[in-house]
Amino acid sequence: MTNQRHTKTVFKTTITTAALSSALLTLFGCAASHGTNTSADSSANTSANIKLAHSESQLVKAESQGIALPLTKLKNGLGLTLHYQTHADHSNTQSAYKDAYKDTHTNNTSKDARANNKHKVYDDTHAININVNEHKGISLSNSEGKKHFIAGHYTLARAEVVESNSKQWVSLVVFNNNTQYIEVYRINAASLEVYQPQTHLTKGSEAICATTSSAGELQIVNIDATGTLNQYEFYNGRFLSLRDFAIGPGIKSCAINANTETLYLADEFAGVWQLDTDIESELAKTLIFHNQDVAIEGVATLSSTTVDGVDIAAWVSPDASGVWLKAPCLTEFVSLMNTANESNSAARQLKANNRSTSIQPEFVHLSLSEEGTHISLVVDDDESGDVFSAELPSKLSAALLHRQCGTDFKATSPKENHMEKAYTNNSASQHANLTIKVKPDVETDPVENHGDAADDPAIWVNSHSASQSRIIGTDKKGALNSYDLDGKLVQSLPVGRVNNVDVGYKVSVAETKARQSDTPLIDIAVASNRSNNSLSVFEIDKRGHMTQLGHISTTLNDIYGMCLFVSGGIAHVFANDTSGRFERYSVSISPDKAVDGHLTQSFSLPSQPEGCVVDTKTSTAYLGEEGAGIWALDITSNSNQPQFIAEIEAPVEADIEGLALFDVDSQTYLIASSQGNNSYAIYHVHTENPEVLELMGLVQITADKATQIDGVSETDGLDVTNANLGGRFTEGLWVVQDGRNVMPSETQNFKLVAGASLKDAIRKLASAKRERHSHM
């Protein structure tokens, strides 16, 4: 059966429909539209609700209910119609289009404008017809009599009219089967003049799809011949590699829903997968459909450029003469019947001979009527090579478009779906004004080891030359690294599985009782070392070079996090293990640089902690219990016990791991990683009562595409300093671990954010907080 399916795939490439990725065409000639769809639930709700059409009995039930569509044969194959208006500036001069690639899709018609012109057709609207013959090329013609032909062997991933700065052009995204390049074309909408395409070399293409997001970003997904999924953005006239990862064999087609940031993959061996296209999201795929008796080969989404676009997908298999249609709370199988024979007598003869009128679809495309009320589809027949169209019944179109979970059509978990949506919307509206976004300024070289390797950074401020300060970061699979302020790796020590690290300044090198004026003072770094359940101690010289001094053994079963502070020349270290146990050690360094540690205190939290930080101004240690919240400990006495002071609650999401303190306008703020939503919780510390934390809101670190530095997700550790480090860091520096280092995909690293950006974000949160209080 597998070999037969592969044979079908080869045959598929000989017909026109194979050139079209089903989710990506905006308008068909038979059902042209730029329709508006009703708003959809998020893609996160979808995987939990797709439970229908997974068995043969359900297919039979669907057919028995009479849900079957007659097909109309398209005599000229698949034709695509786009529209543009001449009220825009359509100058044919090169100057009008010289920046077309740099414009890309940014500012492509505002959301408000799209919402106000959902189905508006202008008097000066002109049509552009596009036909793709995979072995000949792409033909374009418009209603003004212009024609153009692009010769070649192409697979079309996306075609649309783009408008920006009073210019309109046709944007084509294709895969060149002769050269193995992805190509992005810009074509003058009025003259059909084609400008030199921008290209990107690939390792082949098993499936390709593209879409333009509501923010105007052209995103492209290509699954290459190695089974790698490559995600790109066409940014500022060039291909920007966002991320790539192994997806495995069997992917036959893909489709993107820009509204919900969802990618659908047709896998002939497994079924239909759903992934999040947000590059900072977790690399996880959800199997939303599986039937061992059918091999899914075509998948599509209902393309919509409107603000309130819906989440509707479809998939087909050559093993079933039908199409599966999915909305957030509804999945329906619809039979497809080929009644489009050459003559009525032939059709009667087929029925008389009891011969099947079924088809073998490998390709599907969805489109919306111009009024935005009816859904049409186009499918192929692998056996004949014909292309067919059909319109869904009004009731089914309405159920899909308006999420009518209570219709006669089978619905799945509507109550659960609506409850989840209501919670999400309430939470989002309640905290929408509490998140400030900043961009990273620098990223470090990626760590050597793959997987979850980078963990915790510490900033060492060079008192002799601030610009020569260092970022010390753990590669918890084997090394302690240091980086300069440009992010370049300057030292790597293979000292074991070091997990967390912190630094201390002016530590005495003498017996603890010696306090002579000539007592040497050194800066140190201490790291929790899981290779031997110890604290590894390093000297940092004035160049920032680290030298290991030794280990301090602990009685912890599985050492994890740590932090330190220095008092009277003595370093004090809080270390914890995964059980929740904390141990406090005082560190002594002898004249010959031998290190020793004395256990002075122990206590436990209810569950696993990691991050901690000490405010020496208030003699308070803040301890993070990953799944619960933040504790405070008065460090003035070894007999004090921690107190729970801040529970994890919206908008903060577990885990809380990294903790650091930062001063803004004479106020102290505690920064905590809110790992579950890729954010950082900002708490105001009341200096007169350090055990009171006031949540100000969240800060997120988002991508700076101009410098090709990605945003930050799933942060473990972080550190911050108010010290003037010069250059872009004159107002301090914030360093965070990045759990998913993408754009392009590499091993984990650390991101550096200017203190000025962090200060500005905190000031905005504080101002918003004051504003809310003034209206209470």
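Let me begin with the disulfides, of which there are two in this chain, where a disulfide is a pair of cysteine sulfur atoms within 2.5 Å. Before I go through them, please keep in mind that this is a predicted model, in which local features need pLDDT of at least 70 and side-chain atom pairs count only at pLDDT 80 or more, while totals for chains, interfaces and linings use all residues. Residues are numbered from 1 along each chain as its sequence is written, and side-chain values use heavy atoms, with hydrogens and water left out.

One of the two links joins Cys209 and Cys254, whose sulfur atoms are 2.2 Å apart. When I speak of strands and helices, I mean DSSP runs numbered from the N terminus, with at least two residues (E) for a strand and at least four (H or I) for a helix. The torsion about the S-S bond of Cys209 and Cys254 is about -125 degrees, and therefore the disulfide is left-handed. Cys209 has 0% relative accessibility and counts as buried, and Cys254, also at 0%, counts as buried too; here buried means under 20% relative accessible area, exposed means over 50%, and partly exposed is in between, with a 1.4 Å probe and protein chains only.

The other link is between Cys563 and Cys612, with sulfur atoms 2.1 Å apart, and with -120 degrees about the S-S bond it is left-handed. Because Cys563 lies in strand 36 (residues 559-567) and Cys612 in strand 40 (residues 609-615), the pair connects parts that are 49 residues apart in sequence. Cys563 counts as buried at 1% relative accessibility, and Cys612 counts as buried at 7%.

In what order do the four strands of its open sheet come? The order is 11-12-13-14, and the pairing is antiparallel, where two strands pair if DSSP finds at least two bridges between them. Strand 11 and strand 14 (238-246) are the edge strands, each pairing on one side only. Neighbouring strands of this sheet are turned by 15 degrees against each other on average, direction ignored; for such angles, axes are lines fitted to C-alpha atoms, for helices over the stretch in contact, and angles run from 0 to 180 degrees between N-to-C directions. Strand 11 and strand 12 (residues 218-223) run antiparallel and are joined by six bridges, and Thr212 stands opposite Leu218 of strand 12.

A second open sheet has five strands in the order 1-22-21-20-19, with mixed pairing. Its edge strands, strand 1 (68-70) and strand 19 (298-301), each pair on one side only, and the twist averages 25 degrees from one strand to the next. Within it, strand 20 (residues 313-317) pairs with strand 21 in the antiparallel sense over four bridges, and Ser317 has Ala320 of strand 21 as its bridge partner.

Rings of Phe, Tyr and Trp (its six-membered ring) pair if their centres lie within 6.5 Å, and planes under 30 degrees apart count as stacked, over 60 as edge-to-face and the rest as tilted. By this rule there are 10 aromatic pairs. In one of them, the rings of Phe289 and Trp324 have centres 5.0 Å apart and planes at 55 degrees, so the pair is tilted. This pair links distant parts of the chain, since Phe289 is in strand 18 (residues 286-289) and Trp324 in strand 21 (residues 320-327), 35 residues apart. Phe289 and Trp324 are both buried. A further pair is Phe582 and Phe603, whose ring centres are 5.1 Å apart and whose planes are at 10 degrees, so these rings are stacked. Phe582 lies in strand 38 (residues 581-589) and Phe603 in strand 39 (residues 595-604), so the pair ties together parts 21 residues apart in sequence. Phe582 and Phe603 are buried as well.

Phe289 and Trp324 also belong, together with Trp315 and Phe333, to one aromatic cluster.

Finally, I turn to helix 10 (residues 755-774). At 1.5 Å a residue, its 20 residues should span 28 Å, and its end C-alpha atoms are 28 Å apart, which agrees; the expected span is 1.5 Å times one less than the number of residues. Among the buried residues of helix 10 are Leu758, Ala761, Ile762 and Leu765. An α-helix has 3.6 residues a turn, so residues three or four places apart point the same way.
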